[in-house]
Amino acid sequence: AALAAAAGMRRPTLLLLDGVIKPENVGSLFRSALAFGVAGVLLSPGCADPLYRKAIRASMGAVFKLPYTFAPHWPEALSQVKAGGYGLLALHLQGSVEHTAALGANGTAARRRSLVQPRADS
């Protein structure tokens, strides 16, 4: 990390999806993630599978180009992301910051447990 900083390189961006249940939304987020240079996607339990037909269609193939995994223990996964030196950006109904974003389901946003300190920076 220190070498990357000295060379002016940024840490790869990760996208964390928390409870996004509609396959179309998962696919759209994969498509956007690929367009913005995201390095990989981490999905919480309960997220729609990116390999559902509707997700594949909405992603326009991005689900086959981005590495992703489901994290069965979401709070632990968030802690590991933080321990890896990533900042967490959680987009929710009350506001919004850099490197990693946790996006929540329609209407409910990211679950409270995704945002509780010390996991999320904001």
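How many aromatic pairs does a search of the whole structure find? The search returns 1 aromatic pair, a pair being two rings of Phe, Tyr or Trp (its six-membered ring) with centres within 6.5 Å. The ring centres of F30 and Y68 lie 5.5 Å apart and their planes stand at 85°, so the arrangement is edge-to-face (planes over 60 degrees apart; under 30 counts as stacked and the rest as tilted). The pair connects distant parts of the chain, with F30 in helix 2 (residues 23-35) and Y68 in strand 3 (residues 68-70), 38 residues apart. Helices (H or I, at least four residues) and strands (E, at least two) are DSSP runs numbered from the N terminus. F30 is buried, at a relative accessible area of 0%, whereas Y68 is partly exposed, at 27%; buried denotes under 20% relative accessible area, exposed over 50%, and partly exposed in between (1.4 Å probe, protein chains only).

The model is predicted: local features need pLDDT of at least 70 and side-chain atom pairs count only at pLDDT 80 or more, while totals for chains, interfaces and linings use all residues. Residues are numbered from 1 along each chain as its sequence is written, and side-chain values use heavy atoms, with hydrogens and water left out.

F30 also belongs to the largest nonpolar core, which has 14 residues; such a core is a set of buried Ala, Val, Leu, Ile, Met, Phe, Trp, Tyr and Cys residues joined through side-chain atoms within 4.5 Å. Within this core, L15, L17, V26, F30, V41 and L43 touch the most other members. At least two residues each come from strand 1 (14-18), helix 2 and strand 2 (40-43), and helix 2 gives the most, with 3 residues. Another core, of 8 residues, lies apart from the largest one and includes L42, W74, A77 and L78.

In helix 4 (residues 74-83), W74, A77, L78 and V81 are buried. Viewed down the axis of helix 4, its buried residues fall within an arc of 100°, so they line one face of the helix; the arc is taken from the directions from the helix axis to the C-beta atoms. Q80 and A83 are exposed on the other side of helix 4. Just after helix 4, G85 adopts a positive phi of about 90°.

The structure contains 1 salt bridge, defined as a side-chain nitrogen of Lys or Arg within 4 Å of a carboxyl oxygen of Asp or Glu. The salt bridge joins the side chains of K54 and E24 (3.7 Å, N to O). K54 lies in helix 3 (residues 53-59) and E24 in helix 2, so the pair ties together parts 30 residues apart in sequence. K54 is partly exposed, at 45% relative accessibility, and E24 is partly exposed at 32%.
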